[in-house]
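Have the structure open while you read.

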Amino acid sequence: MEMDDTKTTENKAMRSNNGGEPPSPRLCAKCKEQVGVYTLRRNNSYCRDCLEEYLSQKVRGALCKRGGLIGGEKVGLCFSGGMSSLCATYLIEAHSRIPSGERRQRKKVPFDMTVFHVDLLGESLYQDARVERIMEQDPPWCQEIEIVKAEDVLFQEQKAPSEHIKNLIDSISDSTGREDLKMILIRETMLEKAMKEGWSYILMANTADARAREAVAATAKGQGFALSSFSCAIDSRYGEGRPRVVYCMKDVTQEEVDCLSSALLGENVVQQQGDAVVADKKNIHNLADIFTKQLQMSNPGGVSNIMSSVAKLTEFDWETDNPACCPLCWAPMHEDEMLGALASETPLAIVCESCKVGVFGCLTNEELAKSEHASQIFNKLPDVIRNRILNK
């Protein structure tokens, strides 16, 4: 009875504030015709059709206007297993792409796309329960996901490659360094796979929130010189013959991904991303994740402010500037770091300061040259990385 009385009181209050009539549903901010079900930035509500068109315009802009796709290319879309990569797949397949060779349509570009997932340590393909629920429905717009095992690409000469990868990662004592090394191995697997398949582009589904988190982490790790690279939609730092990386979701926020995921699930109530993050005070990536999420909760423009600040820096022109990059993590390096490496006896001195500390556990080039542990880690790295360090 108390609950019924409470609801009656609330309904009366709502009617009295609206001339005795129940409140009318808010209309879509774009079409002004359908009911606005999905609310962004607390004020703008969109119907499903307008939400999808709004987000697909952002993705098409990243692909074509800034990414340079003109049609006919072969590309690979990296499917991480999170909701952002699933939304990227949907926005491209349902709204932005037709198979290469077909006649170009309005708002759709003809190119061939392979959706692939890099399996590093045998983790589950789906990193978000919402992704698994959607994939269980066997949606017609989602093609089969190709599993690319890092052990088959980078460590095929090892007798027990999966155990070798695990031992390599476990040998890194610093939790930030372990996360860095995982990302390094995944990136190398992607690049090698792309070269083998002849892909011109690799599409990454990192949202604006993810890019902001990466920028915050890079700052904390002392990679400030690399900050402007996080504002780029296209990344061609990897050299001649290697694919360009296009961040097709860089203008899409996590809030927008959550709205689209609810639409794909047929739900009107927006579900937030994943579980609460447990703080690991020794892991810079973890702390950066918590910082950006709490900032966005307290200030809806927090992520936008971070990326706006990064965008004010002069972007790297990968084609003409050709900045020197760390041969391990590919972060652009300042000339001061390069000069210090030239004066050292060890080839490992050529990696950036962040990799020296996080991956190899050394503070100086002198310590790096004498460290047996650093040498052991170096010898466990894939040949493609070791050769790049030695030839730098």
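## Starting at Arg26

Let's begin with Arg26, which sits in the loop between α1 (2–16) and β1 (38–40). Keep in mind throughout that this is a predicted model. Arg26 has a relative accessible area of 47%, so it counts as partly exposed. Its side chain reaches the backbone oxygen of Asn43 at 2.7 Å. Apart from neighbours within four places in sequence, Arg26 is in contact with Val35, Gly36, Arg42, Asn43 and Ser45. For a sense of how the chain folds back, take Arg26 and Val269: they are 243 residues apart in sequence, yet 15 Å apart in space, C-alpha to C-alpha.

Lys32 is found in that loop between α1 and β1 too. Its phi is near 60°, a positive value in a residue other than glycine. Most residues other than glycine have a negative phi. Lys32 is exposed, with a relative accessible area of 55%.

## The overall picture

Stepping back, the protein has 16 helices and 10 strands. The C-alpha trace spans about 85 × 55 × 45 Å along its principal axes. A compact globule of 392 residues would have a radius of gyration near 21 Å, and the 24 Å of this protein agrees with that.

Buried residues make up 49% of the 392. Of the contacts with a separation of 6 or more, 64% are between residues 24 or more positions apart. The accessible surface comes to about 19900 Å², and 48% of that belongs to carbon and sulfur atoms.

## An enclosed helix

Which helix is largely enclosed by the rest of the structure? That's α9 (residues 254–264): 10 of its 11 residues are buried, so the rest of the structure largely encloses it. Among the buried ones are Val257, Cys259, Leu260 and Leu264, but also Gln254, Glu256 and Asp258. The cover over these buried residues includes β1, α2, α3 (83–95), α4 (129–136) and α8 (208–220). Just after α9, Gly266 takes a positive phi of about 75°.

Asp138 lies in the loop between α4 and β7 (146–149), and its phi is near 50°, a positive value in a residue other than glycine. Asp138 is exposed, at 63% relative accessibility.

Helix α2 (residues 48–66) holds Arg60. Is Arg60 buried or exposed? Its relative accessibility is 11%, under the 20% cut-off, so Arg60 counts as buried.

The side chain of Arg60 reaches the backbone oxygen of His95 at 3.2 Å. Leaving out residues up to four places away in sequence, Arg60 touches Glu53, Lys65, His95, Ser96 and Lys107.

## Aromatic pairs

The model has 4 aromatic pairs. A pair of rings is described by the distance of the centres and the angle of the planes. Phe116 is buried at a relative accessible area of 0%, and Trp199 counts as buried at 6%.

Tyr238 and Trp330 meet at another angle: their centres are 4.9 Å apart and their planes at 75°, over the 60-degree limit, so this pair is edge-to-face. Again distant parts of the chain are linked: Tyr238 is in the loop between β9 (234–235) and β10 (244–247), while Trp330 is in the loop between α11 (302–311) and α12 (335–342), 92 residues apart. Tyr238 is buried at 7% relative accessibility, and Trp330 is buried at 9%.

## Arginines over rings

Two arginine placements are worth a look. Arg211 lies over the face of Tyr247, 3.8 Å from the ring centre. Arg97 lies over the face of Phe111, at 5.9 Å from the ring centre.

Definitions and conventions
Residues are numbered from 1 along each chain as its sequence is written. This is a predicted model: local features need pLDDT of at least 70, side-chain atom pairs count only at pLDDT 80 or more; totals for chains, interfaces and linings use all residues. Side-chain values use heavy atoms; hydrogens and water are left out. Rings of Phe, Tyr and Trp (its six-membered ring) pair if their centres lie within 6.5 Å; planes under 30 degrees apart count as stacked, over 60 as edge-to-face and the rest as tilted. Buried means under 20% relative accessible area, exposed over 50%, partly exposed in between (1.4 Å probe, protein chains only). Helices (H or I, at least four residues) and strands (E, at least two) are DSSP runs, numbered from the N terminus. A charge sits over a ring if NZ of Lys or CZ of Arg is within 6 Å of the ring centre and within 35 degrees of the ring normal. A polar contact is a pair of N or O atoms within 3.5 Å; within protein, one must be able to donate a hydrogen and the other to accept it, and residues adjacent in sequence count only if both atoms are side-chain atoms. Contact means heavy atoms within 4.5 Å. The radius of gyration is taken over C-alpha atoms; the globule rule is 2.2 Å times the number of residues to the power 0.38. Accessible areas come from the Shrake-Rupley method with a 1.4 Å probe; for residues, only the protein chains shown count as cover.
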